[in-house]
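User: I am new to reading protein models. Can we go through this one in short questions?

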Amino acid sequence: MILKRISNLLKKIFQENEAPAAGGTVEVAARLEQRVLALVDNMPALPATATRAMAIANDPDSNFIDLAGLIEGDAAIATALLRFANSAFFAGGAPAVKLDKAVGRLGMFRSKQLILSIGMKSMFQKMDTTTKDQCAVLWHHGYVTGFLCGRINRAFRLGFDGDEFSAGLLHDLGRILLIMADPDCAERAATMDFVEESDKLECERAAIGIDHCALGAWFGEHSRLPESLIGAMRWHHNPDFSKDSQKLAALVATADHMANHLQRGEETKAYNPEENAGLTGLWDRWPPARRDRFKSEISAMMDESAQAAAAAASA
Ligand SMILES: [Fe+2]
Ligand SMILES: [Fe+2]
């Protein structure tokens, strides 16, 4: 019954998208649709621990002992969290050997971030080596984007309270899904090149019948993620089209552009913010001095995000 509902939703998305161009791509789109459905059958939503951790961390009445209690039931997440809390990134004081100490050291928000990123990783751990490696690159790209969202939010007091990291981390989940479901389609859609011109999504739809934003948002609905995160997945290439989460989508688009630059191996000092379309929506009403401060901090923020992602990847 549930699968039928999911199947209908996915069919609707394929129908809403433009018909793929000639050259056998109608068959490609039909095959992709079937494979995504088969994948969902075998790989349910984000791990329950990750979605429950998001709810606990967002609940003002819960505390870090509740979060530690939840993590206790998940050996993989518990081990990774303890390792991260005791890593050089958080060095200082006696080692945290108990979960509540580790969560206390990291804080609720950072613990939630880590649980979600470990949960996301666990989705592709059982895939073959090539798929796993490509998904790991996209996970890294998501982590860098999420970190930058959090960093920009704090430094420029945008008013988000943790959702911004999750939105950045998950923004390209549709690409991970695409690689897991159908590597051939992922290649046709140039999933791994991190070069994103303004017609990127049209090119994807022409090649495979769907774009990674629609696919990610569909999966977010299936995983019952919060609306704001689904919006960020759907609109991070077109923040202006978002009705309810325009500011969050603009922040993710801004961070995504910076993360793409890093992912292509280009120097942070060579980064040109004028080419970042996401910034148009984000700093629309900022005074010039604030814009200048943003520009002057870009290089440092990008370097920090790469270091944070490396630390999280080894957790
Ligand atoms: Fe994207
Ligand atoms: Fe991206």
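Analyst: A residue is buried if 20 or more other C-beta atoms lie within 10 Å of its own, exposed if 12 or fewer, and partly exposed in between, with C-beta atoms placed from the backbone. This is a predicted model, where local features need pLDDT of at least 70, side-chain atom pairs count only at pLDDT 80 or more, and totals for chains, interfaces and linings use all residues. Residues are numbered from 1 along each chain as its sequence is written, and chains are lettered from A and ligands numbered from 1 in the order in which they are written.

User: What percentage of the residues in the chain is buried?

Analyst: The chain has 315 residues. The buried residues make up 44%.

User: How many helices and strands does the chain have?

Analyst: Both are DSSP runs numbered from the N terminus: helices are H or I with at least four residues, strands E with at least two. The chain has zero strands, and its helices number 17.

User: Which residues are buried in helix 3, and what covers them?

Analyst: Helix 3 spans residues 48-58, and its buried residues are Thr49, Ala50, Ala53, Met54, Ile56 and Ala57. They sit on the same side of helix 3, because they cover an arc of only 165° around the axis (the arc of the directions from the helix axis to the C-beta atoms). An α-helix has 3.6 residues a turn, so residues three or four places apart point the same way. The cover includes helix 4, helix 5 (75-85), helix 7 (108-122) and helix 9 (163-170).

User: Is Lys98 buried or exposed?

Analyst: Lys98 lies in the loop between helix 5 and helix 6. Its C-alpha atom is 9.9 Å from that of Glu72, 26 residues apart along the chain. Lys98 has 11 C-beta neighbours inside 10 Å, so it counts as exposed.

User: How are helix 4 and helix 6 oriented to each other?

Analyst: Axes are lines fitted to C-alpha atoms, for helices over the stretch in contact, and angles run from 0 to 180 degrees between N-to-C directions. Helix 4 (residues 64-72) and helix 6 (residues 99-106) have axes 9 Å apart and pack at about 125°. Angles under 35 degrees count as roughly parallel, over 145 as roughly antiparallel, 65 to 115 as roughly perpendicular and the rest as oblique. The angle therefore makes helix 4 to helix 6 oblique.

User: Which residues of helix 6 make the contact with helix 4?

Analyst: Two residues are in contact if their C-beta atoms, placed from the backbone, lie within 7 Å. Helix 4 brings Phe64, Ile65, Leu67, Ala68, Ile71 and Glu72. From helix 6 come Leu99, Asp100, Val103 and Gly104.

User: How is helix 8 oriented to helix 9?

Analyst: Their axes come within 6 Å and cross at roughly 155°. That angle makes the pair roughly antiparallel.

User: How is helix 8 oriented to helix 17?

Analyst: Helix 8 (residues 129-155) and helix 17 (residues 288-313) have axes that come within 9 Å. They cross at roughly 130°. That makes helix 8 to helix 17 oblique.
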